[in-house]
Amino acid sequence: MKKRVSCKISMIAAVLIASIITGCSGTEGCGTDADKAAADKNEVIETIMSRRSVRKYKPVPVNRDTMDLILTCGINAPNGQNKQSWEIRVVDNAEFINGVTELYKKQNPKVAEDTTFVNMFRNAPTVVFIANDPSYGMSQIDCGLLGENMILSAWSMGIGSCCLGGPAAFMKSDAAAEYLKKLSFSEGYQLLYCIGFGYPDEAPAAKPRKADKIKYIE
């Protein structure tokens, strides 16, 4: 596992070094056929472009050794002033997940009509809860970068994920207060969002992206 991560780092370094040697800094006219070929073989780009949100998983939690590597990638995300203004809680306990899901179903009885519904975390067997420190204005951005690192590193190892806002909102409701308390976030930290992780049991198709929202300003 560590060897694969090391290989990826080496590949990225090679591309950067090649850019420096050729004098390429991302300016117009710098791209070459060699650059494009390198990008086509770049595992990082492949991971980004192939990632999909998964909502159907095999009924087993993510191996904790694998999860530890995903979490380590997360906390190595860029963050303002190295404040690391996040806290992370990981739950792979079925009793916790099923317990809070039962409360969710009482508040939202129609979800039980969905034959694919397993739990309120888009059916994921492992859930990462991310809280931020609202006293730091850039904290939400930092927590977003943290999550993206985890999502991409997970996908590179065959682990699916789904970023979740609705379940986090329910966790902060009066109905789920006891479960939020169990997460034991430090005083002042607020649950921001959560991410479901698991071994995929589906292969979703890519959804179109609106490239016209990108503009270069001359």
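Phe-121 is buried, its relative accessible area being 0%. The model described here is a predicted one.

## Aromatic residues

The ring of Phe-121 has a partner in Phe-129. Over the whole structure, four aromatic pairs are found. In the pair of Phe-121 and Phe-129, the ring centres are 5.6 Å apart and the planes stand at 90°, so the arrangement is edge-to-face. Phe-129 is buried too, with a relative accessible area of 0%. One aromatic cluster takes in both of these residues together with Phe-96 and Tyr-179.

Tyr-179 also has a charged group over its ring: the charged end of Lys-182 sits there, 4.5 Å from the ring centre.

## The loop around Asn-119

Where does Asn-119 lie? Asn-119 is in the loop between helix 5 and strand 2, the strand being residues 126–132. The residue counts as buried because its relative accessible area is 5%, and a residue is called buried under 20%. The side chain of Asn-119 has polar contacts with backbone nitrogens. One is the backbone nitrogen of Phe-121, reached at 2.8 Å. Another is the backbone nitrogen of Asn-123, which lies 3.1 Å from a polar atom of the Asn-119 side chain. Phe-121 therefore has its backbone nitrogen in contact with Asn-119 and its ring paired edge-to-face with that of Phe-129.

Helix 4 covers residues 64–75, twelve residues in all. From its first C-alpha to its last, helix 4 reaches 16 Å, close to the 16 Å expected at 1.5 Å a residue. The buried residues in helix 4 are Thr-66, Met-67, Leu-69, Ile-70, Leu-71 and Gly-74. The N-terminal end of helix 4 is capped by Asn-63, with a side-chain oxygen 2.8 Å from the backbone nitrogen of Asp-65.

Arg-64, in contrast to the buried residues of this helix, counts as exposed at 58% relative accessibility. The side chain of Arg-64 takes part in a salt bridge with Asp-92.

## Salt bridges

How many salt bridges are there? The count comes to three.

| Asp-92 | Arg-64 | 2.8 Å |

The salt bridge of Asp-92 and Arg-64 links distant parts of the chain, 28 residues apart. Asp-92 is in the loop between strand 1 (86–91) and helix 5 (94–107), while Arg-64 is in helix 4.

Arg-89 counts as partly exposed, at 23%.

Glu-102 and Lys-105 are both in helix 5, three residues apart, so about one helical turn separates them. Glu-102 counts as partly exposed at 42% relative accessibility. Lys-105 is partly exposed as well, with a relative accessible area of 27%.

## Helix 6

Helix 6 spans residues 139–156 and has 18 residues. Its reach from first C-alpha to last is 26 Å, close to the 26 Å expected at 1.5 Å a residue. Buried residues of helix 6 include Leu-146, Met-150, Ile-151 and Leu-152. Among the other buried residues of helix 6 are Asp-142, Cys-143, Gly-147 and Ala-154. Just after helix 6, Gly-158 takes a positive phi of about 85°.

## Cysteines

A disulfide would need the two sulfur atoms within 2.5 Å. For Cys-194, the closest cysteine sulfur is likewise in Cys-163, at 7.9 Å, again too far for a bond. Both residues are shielded by the criterion used for burial: Cys-162 counts as buried at 3% relative accessibility, and Cys-194 is buried with a relative accessible area of 0%.

Technical notes: Residues are numbered from 1 along each chain as its sequence is written. This is a predicted model: local features need pLDDT of at least 70, side-chain atom pairs count only at pLDDT 80 or more; totals for chains, interfaces and linings use all residues. Side-chain values use heavy atoms; hydrogens and water are left out. Rings of Phe, Tyr and Trp (its six-membered ring) pair if their centres lie within 6.5 Å; planes under 30 degrees apart count as stacked, over 60 as edge-to-face and the rest as tilted. Buried means under 20% relative accessible area, exposed over 50%, partly exposed in between (1.4 Å probe, protein chains only). A charge sits over a ring if NZ of Lys or CZ of Arg is within 6 Å of the ring centre and within 35 degrees of the ring normal. Helices (H or I, at least four residues) and strands (E, at least two) are DSSP runs, numbered from the N terminus. The expected span of a helix is 1.5 Å times one less than its number of residues. A polar contact is a pair of N or O atoms within 3.5 Å; within protein, one must be able to donate a hydrogen and the other to accept it, and residues adjacent in sequence count only if both atoms are side-chain atoms. A salt bridge is a side-chain nitrogen of Lys or Arg within 4 Å of a carboxyl oxygen of Asp or Glu.
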